[in-house]
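Please find below a short note on the model under review.

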Amino acid sequence: MHASDSSYTTSHYDAIIVGAGFSGIYALHKLRSLGFSVALLEAASAPGGTWFWNRYPGARCDIQSMVYSYSFDDKLQQDWHWSERYARQPEILKYVNHVVNRFDLERNMQFNTRIERAHFVEEDSSWLLTADNATQYRARFCIFATGCLSVPRMPVINRIDTFSGDVYHTGAWPHDTVDFTDQKVAVIGTGSSGIQSIPMIAKQAKHLTVFQRTPNFSTPAWQSPLTANEEKQWKEDYSNIREMARHSESGDIYEETPHSVFNYSAQEQQAELERRWGQGAFNLQAAFTDLVTDEKANKIAAEFVHNKIRQRVDDPEIAELLCPRNHPFGTKRLCVDTDYYETFNRDNVTLIDMSKAPISSITAQGLNHNNVEYQFDAIVFATGFDAMTGALTKIDIRGTDDQSLADKWASGPVSYLGLSISGFPNLFTITGPGSPSVLTNMMVAIEQHVDWIVDCLCHLRESNKSVIEASPEAESTWVKQVEAVAQTTLYPQANSWYVGANIPGKPRVFMPYVGGMATYRDICDDVADMGYRGFNLN
Ligand code: FAD
Ligand code: NAP
């Protein structure tokens, strides 16, 4: 691409950020406050990213809000009041808007602007971005904050477009109120989005039929209002808590342990699992060091959850259908629920097992499964996302020698640290594949990436350099490291979206870095301290 190819009016910036979720918002704030000229471009009509799009009933965070929130500004975290342990989507979106207003960020944001092309202009080492609304933007640096879970995926099912009732996808939920009262509703999919929405839809619908291909492990959130006293305790110790989260393996603040499950008697193991179950959410996964690395250890936790499911579900046959058996415990993101399993005790809820036969077709009235015709007023697809790579490969991104990113990633994503890609100078990805991202409290991962990228841009500015590019050798070494550490765990055994298994034809590569947030942070800091080791600077 040459600068002269452009027939559009083009605005020039130091940096362009694509995406107005938590990543893009923080990147904009930080770069602007350090004197960079910057614009943020967003496909949606407003900021929020995940929390703008995922408005389905029951949507809320799975990490406690006191830590699933920004830590970069103490006054912000002291001022903001979360009403519940795990905030609902409307409250998180309200928080996003508060941050945008508080730091006066909207004036640098352009909405309804979907970037379709991003081409590196070799003549002056800049990026030229073209949007669907025929606007163009030029910048020295291009930062993709396009999200790991931002491309909703409809499944491949015969005649999927023929249904005459209402069709929803959890990841692109309408802004108007959806009312299922007196309706027969189907939910397809039992990942985190399904597990959160099913109890809520069941309470409203006349009848809910849940189509489950794979049961998932879910732990209770033990959701409750955040009391004034709890809030006070959090806030008094906020800086320590944040520091602990930053230097933990998960970015969260649950108790970490140095002990293997085999250090304990069977009775002690059960007591510890029970204690962790009582704490809720991801605490269970952190009960012992070897739950996701040792098959025997894993089976102990899996069996513990199976027994919990059996206690929560009245019908023993339904309970067995809900017990996950085809993947190890914790190797898909653990779901965090409120009354999920109990929902199957309701008279107006039916569970259909699709593990042996897929839906054969969608019909005008509903769907056909296993030679049974079902009729519905509405179908909800809780079928997930083209995760981690989808938002980037959808864009025509071209680096040096006109190389396309989609081509480079045809056999799976490669990057240096999940931050930078060889052959794509001055381009950064926030929580890109090859970084801990989706395995962590993503707020911590996001802040770490933004801080690192902004420090890097400041370093270039101070040293009068204008181009940075990952070397092919550093990239290749990192990709091998990501793969090697994944192979020390049970994660690659699961047909999860972490390995692209949910998208037919997507190469099977374990995409996130499973070595932990703390280790990863040290590696990134070390790279910067060593003069950006593995990068070429000009
Ligand atoms: P996003 O929030 O996904 O924002 C990306 C933005 O980029 C979107 O607004 C999108 O429209 C825009 N965009 C993409 N492509 C383009 C383009 N070509 N042009 C212009 N704009 C574009 N993580 C946790 O740690 N804890 C949780 O509790 C949690 N809950 C979640 C619940 C749901 C329902 C989902 C789907 C994810 C959840 N996650 C959670 C992960 C969540 O995605 C991250 O925590 C975080 O919100 C990601 O922020 P982001 O800014 O990186 O990406
Ligand atoms: P998901 O985990 O990918 O789950 C998708 C579900 O749809 C799975 O049960 C899947 O079954 C099913 N499915 C997909 N295609 C199907 C088909 N053709 N036929 C039948 N079933 C099909 O997606 P998600 O639930 O949206 O969650 C994605 C991620 O977003 C989560 O892992 C989490 O990181 C994040 N999230 C977090 C929360 C939260 O608690 N805060 C809420 C929602 C999302 P298979 O398993 O058999 O493929």
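1. Basis of the note. This is a predicted model, in which local features need pLDDT of at least 70 and side-chain atom pairs count only at pLDDT 80 or more, while totals for chains, interfaces and linings use all residues. Residues are numbered from 1 along each chain as its sequence is written, chains are lettered from A and ligands numbered from 1 in the order in which they are written, and side-chain values use heavy atoms, with hydrogens and water left out.

2. Overall form. The protein contains 15 helices and 20 strands (DSSP runs numbered from the N terminus: helices are H or I with at least four residues, strands E with at least two). Its radius of gyration, 23 Å, is close to the 24 Å that the globule rule gives for 538 residues, so the protein is as compact as a globular protein of that length (taken over C-alpha atoms; the rule is 2.2 Å times the number of residues to the power 0.38). Along the principal axes, the C-alpha atoms fill a box of roughly 70 × 55 × 45 Å.

3. Burial. Of the 538 residues, 59% are buried (under 20% relative accessible area; exposed is over 50%, partly exposed in between, with a 1.4 Å probe and protein chains only).

4. Salt bridges. The count comes to 26 (a side-chain nitrogen of Lys or Arg within 4 Å of a carboxyl oxygen of Asp or Glu). Arg138 pairs with Asp124, with the closest N and O atoms 2.6 Å apart. This pair links distant parts of the chain, Arg138 lying in strand 6 and Asp124 in the loop between strand 4 and strand 5. Arg138 is buried at 8% relative accessibility, whereas Asp124 is partly exposed at 31%.

5. A pair within a helix. Arg246 and Glu243 form a salt bridge at 2.4 Å, N to O. They are three residues apart in helix 7 and therefore separated by about one helical turn.

6. A network. Salt bridges also link Glu255, Glu272, Arg275 and Arg276 in a network.

7. Negative patch. Glu249, Glu256, Asp455, Asp522, Asp525 and Asp529 gather in a patch of negative charge on the surface (patch residues have over 30% relative accessible area and no salt bridge, and like charges are joined within 9 Å). Helix 15 (residues 517–529) gives the most to this patch, with three residues. Glu249 is found in the loop between helix 7 and helix 8, and is partly exposed at 34% relative accessibility.

Technical notes: Patches are made of residues with over 30% relative accessible area and no salt bridge: like charges are joined within 9 Å, nonpolar side chains (Val, Leu, Ile, Met, Phe, Trp, Tyr) within 5 Å. Accessible areas come from the Shrake-Rupley method with a 1.4 Å probe; for residues, only the protein chains shown count as cover. Lys and Arg count as positive and Asp and Glu as negative; His and the chain ends are not counted. The place of a charge is taken as NZ of Lys, CZ of Arg, CG of Asp or CD of Glu.
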